[in-house]
Amino acid sequence: MAENMLFYKWTHVLAIDKGKVNMAQTVPEVVIPADWVPGPGQGEWTYEDYMKLPDDGRRYEILNGVLLLMPSPKDSHQNAAGWIYHHLVIHVRLAGLGKVRMAPLDVKLGRKNVFQPDVLVVLNEHLERLTEEGVIGAPDLTVEVLSPSSALEDRVDKHREYALAGVAEYWLVSPERRTVEVFTLVGREYRSLGIFSGKDMLPTRVIPDFPVHVEQFFEE
């Protein structure tokens, strides 16, 4: 599955020449394998290798040992992520349920999987997973805001890895459609609770009685 994802994205990057990226270019418009970065071969990157990366101003993730360069998010993406973080912080803090964080913050789901969810929640019973370096293990809730550049990764690859790691709930947010799809973990797979919009309130099981309408995530 990961190989299919990478092939799809490589074929949509015009700046690639025989598998190499011209580093004079800006951050790409789509997710691409960062093959030029010194380190292990692709498929062999680990959390320990990732932590040794220099701060070059770019955002990286590891998917099944493949180092990926992430594109810069667009304004609509950041707007939605900001409002979701805002509402979650208010409710989670007032209810004393746990802590809320937003990207860029590393989440180590396994030795070869390191992601930076747009927003995440760690409940009180799992606060030991939240460290100064990031989250070690599964957050209770991860939120990914869809962009054309990362939609396949968020819908397929991260969806699978979050489930396998035991993330109890996963929200997929579409700024374009102004919707949120809620997935809840059943065994080691996600079951969709539906796609919600407008005046709908999310049937979240991680944050009971979350009193926010979906449309509030997309205010300008």
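User: What makes Lys112 count as partly exposed?

Analyst: Happy to start there. This is a predicted model, so local features need pLDDT of at least 70 and side-chain atom pairs count only at pLDDT 80 or more, while totals for chains, interfaces and linings use all residues. Residues are numbered from 1 along each chain as its sequence is written, and side-chain values use heavy atoms, with hydrogens and water left out. Now the label: buried means under 20% relative accessible area, exposed over 50%, and partly exposed in between (1.4 Å probe, protein chains only). Lys112 has 30% relative accessibility, so the residue counts as partly exposed.

User: Why is the contact of Lys112 with Glu44 called a salt bridge?

Analyst: The term asks for a side-chain nitrogen of Lys or Arg within 4 Å of a carboxyl oxygen of Asp or Glu. For Lys112 and Glu44 the N to O distance is 3.5 Å, and the pair is a salt bridge. Lys112 lies in the loop between β7 (107–110) and β8 (113–115), and Glu44 in the loop between β3 (32–33) and α2 (47–51), so the bridge ties together parts that are 68 residues apart in sequence. Strands here are DSSP runs of E with at least two residues, helices are runs of H or I with at least four, and both are numbered from the N terminus. Glu44 is partly exposed too, with a relative accessible area of 49%.

User: How do you know that Glu220 and Arg178 form a salt bridge?

Analyst: Their N to O distance is 3.4 Å, and the side chains meet in a salt bridge. This pair links distant parts of the chain, 42 residues apart: Glu220 is in the segment after β15 (189–197) and Arg178 in the loop between β13 (169–174) and β14 (179–186). Glu220 is at 75% relative accessibility, so this residue counts as exposed, whereas Arg178, at 40%, counts as partly exposed.

User: What makes Lys199 and Glu215 a salt bridge?

Analyst: Again the distance decides: their closest N and O atoms are 2.7 Å apart, and the two form a salt bridge. Lys199 and Glu215 are both in the segment after β15, 16 residues apart. With a relative accessible area of 59%, Lys199 is exposed, while Glu215 is partly exposed at 33%.

User: How many salt bridges are there, and which residues are linked in a network?

Analyst: The structure holds 10 salt bridges. Arg59, Glu61, Glu144 and Lys158 are linked in a network of them.

User: What makes the charged end of Lys158 sit over the ring of Phe115?

Analyst: The rule wants NZ of Lys or CZ of Arg within 6 Å of the ring centre and within 35 degrees of the ring normal. The charged end of Lys158 is 5.4 Å from the centre of the Phe115 ring and sits over that ring. Phe115 also belongs to a cluster linked by ring pairs, with Tyr162, Tyr170, Phe183 and Tyr190.

User: Why is the pair of Phe210 and Phe217 called stacked?

Analyst: Rings of Phe, Tyr and Trp (its six-membered ring) pair if their centres lie within 6.5 Å; planes under 30 degrees apart count as stacked, over 60 as edge-to-face and the rest as tilted. The structure holds 8 aromatic pairs. In the pair of Phe210 and Phe217, the centres are 6.5 Å apart with 25 degrees between the planes, hence stacked. Phe210 has a relative accessible area of 2% and is buried, and Phe217 is buried at 0%.
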